[in-house]
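Student: I would like to learn how to read a protein structure. Could we go through one together, feature by feature?

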Amino acid sequence: TPVAAITVRAGQRLWFKSIVGWNVRELSIADSLSERTLASTEAVIIEDTQLDSTTAKHPLVVGGPKFRFYAGQALLDHRGDAVGAFEVFDLRPRALLEQDLQNLHDLVQLARKELLTTDLHDAQVQLVKKLDLARREALMDSLTAVWNRRAADELLQKAIESADEHKLAVAVCVIDINQFKAINDSYGHPAGDRALQKVAQSLVSSVRDGDAVCRTGGDEFLIIMPQVSAGEADTIADRLRRTVHHTPLRTRGGAIQLTVTTGIAVRRPGERSTAEDLVQAADRALYQAKQSVAGLNGPTEPFPARARAQTK
């Protein structure tokens with residue numbers, strides 16, 4: 001849809017915490033299309049607003065932006081109260097397929113989890129909750145806005161402790177940007193910085209909820225993946241490599257095709273390897289993957305190899 005929003009309720013007003021496709025920051029609930037949604041525990045679907053008696057004369061339907069389709073679902077807190085809504089709009093009528101409804105439900109759950117951080121129990125949220133602003137900033141990479149090496153060490157240690165406690169697997173993925181020095185040399189350091197930001201954004205969009213994306217130095221990143229099988233780790237690595245490849249960096253000199261190589265290490269339940277052992281195993285796998293594509297033409301190759309190692 002051309003318009004999507006995450007709203008937060010504040011009294012009788014709605015604040016648009018996130019909005020795409022519509023230049024609005026707040027509305028009264030009475031002036032919005034959200035009133036029915038906030039009063040319901042189910043999704044509200046209006047396939048044609050002009051044919052619905054409750055919206056046919058609504059200002060957002062008869063006047064700008066003239067919305068003809070609306071779908072929304074309330075974001076409920078742990079008490080079941082509506083604290084906001086996830087909503088999508090279209091300028092033409094439309095019918096939702098079963099898969100569309102499932103997608104809407106999934107997005108609602110993701111938005112709810114992000115908003116209601118007190119309901120989260122993974123290591124990242126626990127780390128954020130206990131930090132004051134100064135220390136939180138000290139654990140974030142200022143350029144890419146992901147965790148830095150210090151945070152990676154702490155998060156990985158917590159992930160291993162949790163894996164041992166619950167007898168689960170944990171994996172790490174080491175990521176290296178291919179031909180990064182050539183990007184800096186050919187296009188300048190500002191382009192290199194934007195490449196790092198672009199890759200970081202691609203990694204964040206590719207991992208599962210609860211995985212931690214960290215920049216560990218230079219053009220190297222580390223992803224911590226709790227409760228994951230070897231096959232799932234491979235799938236995540238393949239997805240992130242494709243995402244990076246399909247997100248070129250635009251410069252005045254033309255588009256730069258970014259690619260990455262990955263090395264994965266999995267710590268299975270019952271294994272006693274340390275955090276350092278796990279990262280070293282992933283580094284060895286990364287080296288093997290780099291060697292396997294040594295004869296290729298760097299970033300012009302679509303999907304450089306990945307490799308996976310096991311710890312002891």
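This is a predicted model: local features need pLDDT of at least 70, side-chain atom pairs count only at pLDDT 80 or more; totals for chains, interfaces and linings use all residues.

Student: Which residues line the largest cavity?

Tutor: The lining consists of L14, F16, W22, L27, S32, L33, S34, L60, E87 and F89. Two elements, β2 and β6, each give two or more residues to that lining. Sorted by class, the lining has 7 nonpolar, 2 polar and 1 charged residues.

Student: Now the strands. In what order do they form the sheet?

Tutor: For strands in general, remember that in a regular strand the side chains alternate between the two faces of the sheet. In this model, 6 strands make an open sheet, ordered β3-β2-β1-β6-β5-β4, with antiparallel pairing. The edge strands are β3 (26-28) and β4 (44-46), each of which pairs on one side only. On average, neighbouring strands of this sheet are turned by 25° against each other, direction ignored.

Student: What packs on the sheet?

Tutor: Helix α3 (residues 98-115) does, touching β1, β2, β4, β5 (69-76) and β6 (82-90). The direction of α3 makes about 40° with that of β5.

Student: Let us zoom in. How many bridges join β1 to β2?

Tutor: There are 7 bridges between β1 (residues 3-10) and β2 (residues 13-20), and these two strands run antiparallel. You can trace the pairing by residue: A10 has R13 of β2 as its bridge partner, and R9 stands opposite L14 in β2. The hairpin of β1 and β2 has 2 residues between the strands, and G11 takes a positive phi near 65° there.

Student: And what happens on the β3 side of β2?

Tutor: β2 and β3 are joined by 3 bridges and run antiparallel. R13 stands opposite S28 in β3. These strands form a hairpin with 5 residues between them, where G21 in the turn has a positive phi of about 90°.

Student: Last one: at what angle do helices α6 and α10 pack?

Tutor: Helix α6 (residues 149-166) and helix α10 (residues 275-292) pack at about 110°, with their axes 10 Å apart. Because angles of 65 to 115 degrees count as roughly perpendicular, α6 is roughly perpendicular to α10. The contact is made by L156, Q157 and I160 of α6 together with A275, L278 and V279 of α10. Those contact residues divide into 5 nonpolar, 1 polar and no charged.

Conventions: Residues are numbered from 1 along each chain as its sequence is written. Side-chain values use heavy atoms; hydrogens and water are left out. Two strands pair if DSSP finds at least two bridges between them. Helices (H or I, at least four residues) and strands (E, at least two) are DSSP runs, numbered from the N terminus. Axes are lines fitted to C-alpha atoms, for helices over the stretch in contact, and angles run from 0 to 180 degrees between N-to-C directions. Contact means heavy atoms within 4.5 Å. On a 1 Å grid over the protein atoms alone, a cavity is a set of points where a 1.4 Å probe fits but cannot get out, and a pocket is an open set with protein on both sides within 12 Å along at least five of seven lines; lining residues have an atom within 4 Å of a point. Ala, Val, Leu, Ile, Met, Phe, Trp, Tyr, Cys and Pro count as nonpolar, Asp, Glu, Lys and Arg as charged, and the others, Gly among them, as polar. Angles under 35 degrees count as roughly parallel, over 145 as roughly antiparallel, 65 to 115 as roughly perpendicular and the rest as oblique.
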